[in-house]
Amino acid sequence: MLGMYRNRLTRGKRRLPGRLLAQLSFFLLQNPLLSNFFNGTIYRGGLKRICTPGLNCYSCPAAVTSCPIGAAQLFLAGARRGLGLFVTGFLLAAGVAFGRFICGYLCPMGLLQDLLYRIKSPKLRLRLRFARYAKYAVLAVFVLILPFAVRHPLSGLGSAWFCTYICPSGTVFGALPLLAANESLRMFAGPLLILKAGIASGLLAASVFLYRVFCRTLCPLGAVYALLNRIALLKMRCDRKRCVSCGDCARACNLHIDPVKTPNHPECVRCGDCKAVCKERALSYAFGAEKKD
């Protein structure tokens, strides 16, 4: 079951400025059309055929690329038949190359949660022994099974279930800005928007006190990269000759990972907190298979 206890560690500034700068840079790279937030329009040009590696909503006014989870649902629903091999290949290539480094550095939803967690407040450390498996169920049911299995009787097409009923990224970066800027769209707002706004509000409020709660429990893209994290080319390595088993790295991790024991744990988003507190510099990132002594 879930167990919570207050974080009694005093670590000062936890986030590395370099990572925050990288996150902001990648957000602007994927969402350069910031003026669209004010005129309430969506870019529909050729770049939208390209998937971004993070959970960056197609309907975000500033976005110039598509979300791979949304694209996968459209393919399974029968709406975009040419996307299947491309999306599958893209996700596998990105996951095998970088694993959950993408979650830590390239995902706008991850950036938003990190910014909220920087707000001064009591921090709770949440152990997710079973809840972290919920994202795999979301991936299987809402992204893969329902879009393919449930079809409209007239059109024969399925729906993008995750995007329609759950995705907080689509609500925060897409639906709400569009409704705020485009008065003609507000007449279509109804119970579904209230449901999604409630889900997004709950997750974002929790993110002030709990580290990356959406990434850990409900994100289907995080589930894909978590499955590939152990075999990804980008790895976390621990130099056992340098390590003095002080335990600082494990105490610094908000995901309850001991990087000495499991440096490539499926939940590790490569945030770098463990590296930052290691006085012996025993932890590092490296590409490729680990060399045997």
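Buried means under 20% relative accessible area, exposed over 50%, and partly exposed in between. These terms are used in the legends below, which describe a predicted model.

**View 1. Histidine 256 in the loop between helices H13 and H14.** Histidine 256 sits in the loop that runs between helix H13 (248–252) and helix H14 (273–277). Its phi is near 60°, a positive value in a residue other than glycine. The relative accessible area of histidine 256 is 22%, so the residue is partly exposed.

**View 2. Arginine 281 in the loop between helix H14 and strand E4.** Strand E4 covers residues 283–287, and arginine 281 lies in the loop between H14 and this strand. Arginine 281 also has a positive phi, near 55°, and is a residue other than glycine. With a relative accessibility of 70%, arginine 281 counts as exposed.

View 3. The buried positions in H3 are Pro68, Ile69, Gly70, Ala71, Ala72, Gln73 and Leu76.

View 4. The structure holds 0 disulfides. Cysteine 51 is in no disulfide, and the nearest cysteine sulfur, that of cysteine 67, is 7.5 Å away. Cysteine 51 has a relative accessible area of 6% and is buried. Cysteine 246 is likewise in no disulfide; the nearest cysteine sulfur belongs to cysteine 249, at 6.2 Å. Cysteine 246 is partly exposed, with a relative accessible area of 44%.

View 5. The secondary structure of the chain comes to 14 helices and 4 strands. For 293 residues, a compact globule would have a radius of gyration near 19 Å, and the 20 Å of the chain agrees with this. Along the principal axes, the C-alpha atoms fill a box of roughly 65 × 40 × 40 Å. Of the 293 residues, 48% count as buried. Among contacts with a separation of 6 or more, 76% are made by residues 24 or more positions apart. The accessible surface of the chain comes to about 14,900 Å², and carbon and sulfur atoms account for 67% of this surface. The chain has 40 positive and 10 negative charges, whose mean positions are 7 Å apart.

Notes. Residues numbered from 1 in each chain as written. Predicted model: local features only at pLDDT ≥ 70, side-chain atom pairs only at ≥ 80, totals over all residues. Heavy atoms only, no water. Disulfide = S-S within 2.5 Å. Buried < 20%, exposed > 50% of the residue type's maximum accessible area, 1.4 Å probe, protein only. Helix = DSSP H or I, 4+ residues; strand = E, 2+ residues; numbered from the N terminus. Rg over C-alpha atoms; globule rule 2.2 N^0.38 Å. Contact = heavy atoms within 4.5 Å. Areas by Shrake-Rupley, 256 points an atom, 1.4 Å probe, with all protein chains shown as cover. Lys, Arg positive; Asp, Glu negative; His and termini not counted. Charge placed at Lys NZ, Arg CZ, Asp CG, Glu CD.
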